[in-house]
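Have the model open while you read.

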Amino acid sequence: MAARTPNTQTRTIESYSLKIAILGTGGVGAALGTRWGAAGHAVTYGSRAPQSEKVQQLVANSGKQAAAKSPREAIAGADAILFAVPWPAARETLEQLGDLSGRTLIDCTNPLLSDMSGIELGHIISAGEQIAAWVPGANVVKAFNTASAKVMLDPKFGEHRATMFYCGDDAAAKLTVRQLIDDVGFEPVDAGSLTSSRYLEPLAMLYIHLAVRQGLGSNCAFKIMRR
Ligand SMILES: NC(=O)c1ccc[n+]([C@@H]2O[C@H](COP(=O)([O-])OP(=O)(O)OC[C@H]3O[C@@H](n4cnc5c(N)ncnc54)[C@H](OP(=O)(O)O)[C@@H]3O)[C@@H](O)[C@H]2O)c1
């Protein structure tokens with residue numbers, strides 16, 4: 001189903017529903033899956049252990065239409081695929097999925113070093129672009145990588161919505177992702193083409209640095225101010 005024009009006004013739950021596959025049932029997959037389920041979308045988790053107690057509990061918290069399957073089964077018929085696995089597992093996971101031509105793939109990965117002291121790609125290449133190269137023809141949109149899973153559960157700070165940047169090369173896929181960002185409760189900000197992943201991934205590293213090393217914690221977020 002095609003996405004509608006992004007709506008920043010109040011939207012009724014019944015107004016539209018997307019089929020969303022979520023690959024990875026960790027912090028990000030769980031946070032966004034429960035938010036999208038609550039917004040009326042049909043969430044299917046793609047997990048290595050779909051019958052596990054953890055995943056079944058997540059399904060129970062992700063709306064009436066939620067389910068869990070293997071990653072390959074989960075993506076069948078999905079309008080959008082959230083790719084929320086650790087960077088070291090990215091390539092192997094993608095290779096199991098088959099042809100993703102024409103599919104909308106939301107990439108929230110950050111190419112973190114194992115001790116989280118930095119990122120292993122950046123400036124002239126990015127995880128977003130590398131992932132696009134691994135799945136030729138897929139419409140990769142970078143998003144949900146610059147805030148913590150905790151903030152994804154509630155992106156409102158008083159009267160303000162935290163900003164969520166997104167970037168990609170396919171206009172229709174970006175429109176879908178913009179709507180999904182809005183549905184979670186963030187303010188969507190278009191950061192341009194997929195090459196802007198080169199900026200968004202270091203921005204995520206700044207976030208992690210501030211949250212973990214500078215003591216701000218993970219309950220803070222970026223906000224674009226305009227006038
Ligand atoms: N945590 C954050 O605050 C945050 C914020 C923004 C972006 N990110 C990025 O988003 C991605 C997911 O982050 P996360 O915090 O949700 O990760 P996580 O809690 O470690 O969970 C990742 C999930 O990926 C699946 N997976 C598939 N292959 C795996 C493998 N070989 N090893 C481990 N897990 C594997 C697992 O689900 P199954 O067992 O069900 O298959 C696992 O629960 C990462 O690339 C991260 O950099 C994280």
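At what angle do the axes of helix H1 and helix H7 cross?

## Ground rules

This is a predicted model, where local features need pLDDT of at least 70, side-chain atom pairs count only at pLDDT 80 or more, and totals for chains, interfaces and linings use all residues. Numbering starts from 1 along each chain as its sequence is written, and side-chain values use heavy atoms, with hydrogens and water left out.

## H1 against H7

The axes of H1 (residues 27-38) and H7 (residues 171-184) cross at roughly 90 degrees and come within 9 Å. That makes the pair roughly perpendicular (65 to 115 degrees). Axes here are lines fitted to C-alpha atoms, for helices over the stretch in contact, with angles from 0 to 180 degrees between N-to-C directions. Helices are DSSP runs (H or I, at least four residues), strands likewise (E, at least two), numbered from the N terminus.

Who does the touching? H1 brings Leu-32, Arg-35 and Trp-36, while H7 brings Leu-180, Asp-183 and Val-184 (contact means heavy atoms within 4.5 Å). Sorted by class, that's four nonpolar, no polar and two charged residues. Asp, Glu, Lys and Arg count as charged; Ala, Val, Leu, Ile, Met, Phe, Trp, Tyr, Cys and Pro as nonpolar; the others, Gly among them, as polar.

## Two positive phi values

Met-116 isn't a glycine, yet its phi is positive, about 60 degrees. Look for Met-116 in the loop between strand E5 (104-107) and helix H5 (127-134). Its relative accessible area is 33%, so Met-116 is partly exposed.

Phe-144, also not a glycine, has a positive phi near 60 degrees. This residue sits in the loop between strand E6 (139-143) and helix H6 (149-153). With 1% relative accessibility, Phe-144 is buried (buried is under 20%, exposed over 50%, partly exposed in between, using a 1.4 Å probe and protein chains only).

Methods
Angles under 35 degrees count as roughly parallel, over 145 as roughly antiparallel, 65 to 115 as roughly perpendicular and the rest as oblique.
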